[in-house]
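Dear colleague,

I am passing on the structure below, together with some notes for a first reading. Please look at the sequence and the model first, and then read on.

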Amino acid sequence: MKKLSARRRHPLAAVVVLLLALAATGGLYAAFAPASKAQADETAQSLAIEEGKKLYRVGCASCHGTGGQGSSDGPTLVGVGAANVDFQVGTGRMPAATSQGAQAPRKKIIYTQAEIDQLAAYVASLGAGPAVPTTNDYSPNGADIAKGGELFRTNCAQCHNFTGKGGALTHGKFAPSLEGVAPKHIYEAMQIGPQNMPSFPDTTLSQQNKKDIVAYLDAVNSDQTKSPGGLQLGGLGPVSEGLFAWIFGLGTMIAVAVWVAARTAKAKKS
Amino acid sequence: MSTTTTNDSGARRAAPAGERLADWADGRLGIYSLAKSNMRKIFPDHWSFMLGEVCLYSFIIIILTGVYLTLFFHPSMNEVVYNGSYVPLQGQLMSEAFNSTLHISFDVRGGLLIRQIHHWAALIFLAGMFVHMMRVFFTGAFRKPREINWLFGFLLFVLGMFTGFTGYSLPDDLLSGTGVRFMEGAILSVPIVGTYISFFLFGGEFPGHDFVARFYSIHILLLPGIMLGLMVGHLILVFYHKHTQFAGPGKTNNNVVGMPLLPVYMAKAGGFFFLVFGVIAAVAAIATINPIWAIGPYRSDQVSTGAQPDWYMGFAEGLIRAMPGWEINIWGHTLVLGVFIPLVIFPLVLAAIAVYPFIESWVTGDKREHHILDRPRNAPTRTAFGVAWITAYMVMLVGGGNDLWATHFHLSINAVTWFVRIAFFAGPVVAFVATKRICLGLQRRDRDKVLHGRESGIIKRLPHGEFIEVHEPLSQEQLHTLTAHEQYVPVEIGPLVDEHGVERKLKGSEKLRAKLSSAYYGELNQISKPTADEYKEITSGHGHH
C-alpha cells in the first residue's frame, strides 16, 4: 500500500494508467469482437473467387462465355452451383474434348482439387446453386445399405444396371459405370443431374436417401466388394454368361472331345 | 459267350459269384440275349459324334444338381423379410422363393456351387444341343431313316429352351421377373385370347401369387419328364438305326466301321462323362452365374437396364428389340404388332430348321436309306441354307444384346438396332450365296486334287527354264474318300405335251419341285465329281504334270 501511495504522484503514473486502460480496452475488444475472423474468411473467399476467375478465363470461358453466360458451344453456368463444378471437373468430364462423342466421358482429371475448389467458388459466385456436399453427407456411417439398394433399383437401375455397371441410352449416349466413382461424385451427380441424367434434389431423394444409395454402391460395387460366386464376368448378366458358356464351356468340351476321339483303342490292322 | 457252356461238362464246382448273379438276373429279366446283341454294337469314332454325349451328360448333371436344389428351395411367393447373412439385403421384403435361393447361395453347404453347376450346365446343355443339331444338319445325318430322330432332337432343344426359361424364372429375382413380365407381354399381345391366357397362367393379374409354384412343377416335373422320355427314345433310335459314319475306304452304306460298345465305348463314354462333369464344375467354380443377391428381389415397379434372358432365348429378345413398335387401334381394341409379330416369327424361325429335312427329301425324291454322312461342301444348297439360318439366328442374338454392343463398342444403340433390322433380311441371303460359292469352290478343288494330285510345294525347273510345281498323286484311300459321295441329277419334268400334242396338265407342286431340284443339282449348282474314266485318261496320258 505504502509503495502504491508513494508512487501515485510519480510523473509517469498517468502514462502507466493510460497504457493499462488501453490494453484492457483493446484486449476486451479483441476478445468480444467476432468480426475480425469473418473479415479474414471473406478475404480468403474473394481470393478463391479471384483465382477461380483466372482459371475460368483460361480453361472454360471459350465455351461457357467470359462471364459464365454460356455460348453456342456450352451452357450457361449461372446458378449451376459449386457441386456441379466439383463433379464435372473433378471427374475429368470438363474441360470437354474439342471433338467428343455423344456425351462427355470420364477422363483424366486436369485440375488439382484446390484449383477445382477455386473454380467452384467462382461459378458459385455467379448465382446460387447446390453446394459441394460435406464428408458427413456421403460417408457410409449411419446409412441403411439395404434401403439404399431398394432406392437404387427403383431410381437408378433402369439406366445404370442392377449394381451400377452402366447401360446404353439412345444415339450413342450412355449411363456410365459407377465402378470406382468417388462417393462424393455419386452424391453430387444425384444433386445436379449431369448430362442426360435427371437430377434428384433433396425434395425427391432426401439427404438420407442419397447417403443410403452411396453406401449401397460402396457395398456392392467397389474394390472391396466380394463376389462369392467367382468371376463376375462384368456383372452384365446373361449376355456375358452366355458368351462364357459358349467359349469356355462348350469350347473346352469340344477340345476334350477331340482329345478323347484322337486316343482311340488300337485295333489290329487287318 | 462262354458262360453257359461249362454247366454241361462234368465240373460241378460252384460257379463264380459274378456268374451266378448274372444267371439270377437273366432268369428274371431275360437280359442275356439283349446284352449279347448290343454289348458289342459297333460305333464309329469321330469327335463330332461326341457332341450328343456332351448334351446327355450335362442333362444328367442338371438332374442330379436339380434334385439337390429342390431340397432347399421353397416355391412360394409369400412375402418374408430377409434375415440371412447377405448384409445389403437385410430387412428387405421378398418372396419366399427369393429368400430360399439366397439361403441356398449363402447358408447351405455347397449350395452356391451346386446352383452354379446347375445353371452353367443348363447353358452348356443348350449350347451342346445347338452344335449337335448343326453337326447332324450339315452332314445330312437327318436323312432316311433318321427323320423321326431329328424331330426328337429338335423337340428336345425346344423343350430345353422352355425348361431353362422356367428354371431361370424360379428365384423370383428382379432379372427373371422382368423376363416373366416380357413373356406375359408377349401373351397379352395375342389377339382375343391373350388376356384370358395370361390370367389363366398367372391366376389373375401379373405377377399374382401363383406363377413360381406353377413354373416349379413345370420346370422340375412336366418338361424334364417329357425330355427324359424323348431322350431315351432318341438313344434307342440311335441304337436301332446304328450310327452314321463318314465316307472312307471300307465304309459302306451297309456296315459300321468302328469300335465295340463294350469295352471300348463303355470306357470312353464313362470317362467322357467325368470329363464333362469336370469341365462344368470347373466353370461353375471359376465364374459366377446369375448372382441374384446383386440383382435383388423382383418388384413389378422396378427394372434394370441390361435385362436379357439366357442365351438360348436371346434371339426371341432380339426379335422384340428389333421390331418397330407398331400397333393398330380398331374398335377400341389395340393390336400390338410390335410384340405380336415377333411372337409369330419366333416359332417360325425354329420350324424352318426343323422341317428342312422333309423339304430336301421331297426335292430329291430319294427314298433310300443313308448311313454315310455328307461332307458339307458336297451338299452346297443344304449347307448354304444352314449357314443362312445360323446367320439369321446370330443376327437376332446380336439384337438381343444391342445395348451391350452399343456400350462396349461405343456405338449408337439406334445404329445397332437398324443394322439388326437390315441384317435379319439381308444377312441370310448374303450368307447363302457366299456359302454356296465357297462349297462349289471346294468341290472344284477336290476335283482338281483327284485328277491332278496334291500340290507338293516342290518347284521344279525344267531344262528350258520353265518352273512347274510337282503334284503328288493321291493314295487310293484319299481318292475313294474324295469321290465317295453320290450326286443327284435334277428331276425331269417330262415333256410338256402328251403324245397327241395336247398340253399336259402340270400340278404347281411338280413345277416347284423341278425348279428347286435344278437349283439344288443343276449344272451350275454342283460340280460333277471326276469319273473313273476321266481319272484314267488324265493319269495314263503323258501330257500331265
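A:His64 lies in helix H4 of chain A, where helices (H or I, at least four residues) and strands (E, at least two) are DSSP runs numbered from the N terminus. Please keep in mind that this is a predicted model, in which local features need pLDDT of at least 70 and side-chain atom pairs count only at pLDDT 80 or more, while totals for chains, interfaces and linings use all residues. Residues are numbered from 1 along each chain as its sequence is written, and chains are lettered from A and ligands numbered from 1 in the order in which they are written.

An unreviewed UniProt entry places a "binding site" feature at A:Cys60, A:Cys63 and A:His64; UniProt positions follow the numbering used here, feature names are shortened, and annotations may be inferred rather than shown by experiment. A:Cys63 is also in helix H4, which covers residues 61–64 of chain A. A:His64 counts as buried because it has 23 C-beta neighbours inside 10 Å, whereas A:Cys63, with 17 such neighbours, counts as partly exposed. Here a residue is buried if 20 or more other C-beta atoms lie within 10 Å of its own, exposed if 12 or fewer, and partly exposed in between, with C-beta atoms placed from the backbone.

Not counting residues up to four places away in sequence, A:His64 touches A:Gly70, A:Ser71, A:Gly74 and A:Leu77, two residues being in contact if their C-beta atoms, placed from the backbone, lie within 7 Å. With neighbours within four places again left aside, A:Cys63 is in contact with A:Ser71, A:Asp73 and A:Gly74.

**Where the chains meet**

The contact takes 53 residues from chain A and 61 residues from chain B. On the side of chain A that touches chain B, the largest share, 17 residues, comes from H12(A).

**Chain B**

Chain B has 19 helices and 10 strands, and buried residues make up 38% of its 545 residues. Its C-alpha atoms fill a box of roughly 90 × 85 × 65 Å, taken along the principal axes.

Chain B is divided into domain 1 (5–38), domain 2 (40–307) and domain 3 (347–495 + 505–545), with bounds that come from an automatic or database domain assignment. The C-alpha centres of domain 1 and domain 3 of chain B lie 54 Å apart.

With best wishes
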